[in-house]
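Please go through the structure shown below with this briefing beside it. The points after the lead sentences are grouped by topic.

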Amino acid sequence: MKVLGIMGSPRVGGNSDVLLDDALAGGKEAGAQLEKIILDRLKISGCKDCKKCNDTGLCVLKDDMPEIHNKILEADAIIHSVPVYFWSMTAQMKAYLDRWCALFDAEWKWHKAYYPKMKGKRIGLITVCGDPDVHTADPIVHSFKSTVDMTKMKWIGAVMASASEKGDIVRDAKVREQAFELGSKAAMP
Ligand SMILES: Cc1cc2nc3c(=O)[nH]c(=O)nc-3n(C[C@H](O)[C@H](O)[C@H](O)COP(=O)(O)O)c2cc1C
């Protein structure tokens, strides 16, 4: 059982990072093998819509994303963690998500070779916003959940948190427990 954590904030040790680590701890306790990717440390360009991947399933851009594609394919579950930037997700997470494009054909169906690996893959999300109203992050949840629903993956839920300064979330025991539980759920078929 492999759980992949995708960290979409540039603030390593910040709120999204703390909650992702909590989720991965939940996955570890449930016996999963873990890997965490900090998107900000990698080079991930925006999708060019060149459509070359429609036939091949392979992205022609020479950066770090093709390697992440392989990790996505091999993972049983993926937990994304990202803060709200201007009522949306960070540029790092958006560039990553747009590059999922390579996994689909021209009709937005999984490439045949990928379908068995992607169908039923468990996807979870953690959001953090500075606004006390966690629903400020609803557009991010909508983006991930719609992707999951359209493509027959399995939505395991969103943990939505509010915090401003780096690491403030450490004191929010309730949301940290929710993140831990999300990780446990990710590790259970
Ligand atoms: C460029 C930028 C834009 C932001 N935009 C919003 C926003 O639209 N709404 C909001 O509630 N918080 C916003 N925030 C606050 C962050 O979401 C908040 O500080 C969060 O805790 C950061 O999480 P992190 O520690 O994981 O990076 C913004 C922060 C930055 C740096």
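Gly167 is partly exposed, because 13 other C-beta atoms lie within 10 Å, whereas a residue would need 20 or more to be called buried. The model is a predicted one, and in it Gly167 sits in the loop between β6 and α7. Leaving aside neighbours within four places in sequence, Gly167 is in contact with Gly13, Gly14, Asn15 and Val18. Between Gly167 and Val60 there are 107 residues in sequence and 37 Å in space, taken C-alpha to C-alpha.

**Surroundings of the ligand**

- The shell around the ligand holds 19 residues, of which Gly14, Ser16, Pro83, Gly130 and Asp131 come nearest; Gly14 is also one of the residues in contact with Gly167.
- Sorted by class, this shell is made up of eight nonpolar, seven polar and four charged residues.
- At least two residues of the shell are supplied by each of α1 (15-29), β3 (77-85) and β5 (122-129).

**Strand β3 and its partners**

- Eight of the nine residues of β3 are buried, so that the strand is mostly covered.
- β3 pairs with β1 in the parallel sense over five bridges, and within this pairing Ile79 of β3 is the bridge partner of Gly5.
- β3 also runs parallel to β5, to which seven bridges join it; here Ile78 has Ile123 of β5 as its bridge partner.
- With strand β4 (residues 88-89) the sense is antiparallel and two bridges make the join, Tyr85 standing opposite Ser88 in β4.
- β3 and β4 form a hairpin with two residues between them, and Phe86, which lies in the turn, has a positive phi of about 50°.

**The nonpolar core**

- The largest nonpolar core has 52 residues, and those that touch the most other members are Val3, Leu19, Ala23, Ile79 and Val159.
- In soluble globular proteins, nonpolar side chains tend to be buried together.
- When residues up to four places away in sequence are not counted, Val3 touches a set of residues that includes Leu24, Gly27, Ala32, Leu34, Ala77 and Ile79, as well as Gly183 and Ala186.

- The buried residues of α7 are Val175, Arg176, Gln178, Ala179, Phe180, Leu182, Gly183 and Ala186, and what covers them includes β1 (2-7), α1, β3, β5 and β6 (154-162).
- For helix α6 (residues 138-151), the 14 residues should likewise span 20 Å at 1.5 Å a residue, and the distance of 20 Å between its end C-alpha atoms agrees with this.
- Lys152, which follows α6, has a positive phi, near 65°.

**Lys94 in helix α4**

- Lys94 is found in helix α4 (residues 91-98), and it counts as buried because it has 20 C-beta neighbours inside 10 Å.
- Lys94 and Asp40 lie 12 Å apart in space, C-alpha to C-alpha, although they are 54 residues apart in sequence.

Conventions:
Residues are numbered from 1 along each chain as its sequence is written. This is a predicted model: local features need pLDDT of at least 70, side-chain atom pairs count only at pLDDT 80 or more; totals for chains, interfaces and linings use all residues. A residue is near a molecule or strand if its C-beta atom, placed from the backbone, lies within 6 Å of it. Helices (H or I, at least four residues) and strands (E, at least two) are DSSP runs, numbered from the N terminus. Ala, Val, Leu, Ile, Met, Phe, Trp, Tyr, Cys and Pro count as nonpolar, Asp, Glu, Lys and Arg as charged, and the others, Gly among them, as polar. A residue is buried if 20 or more other C-beta atoms lie within 10 Å of its own, exposed if 12 or fewer, and partly exposed in between; C-beta atoms are placed from the backbone. Two residues are in contact if their C-beta atoms, placed from the backbone, lie within 7 Å. A nonpolar core is a set of buried Ala, Val, Leu, Ile, Met, Phe, Trp, Tyr and Cys residues joined through C-beta atoms within 7 Å. Two strands pair if DSSP finds at least two bridges between them. The expected span of a helix is 1.5 Å times one less than its number of residues.
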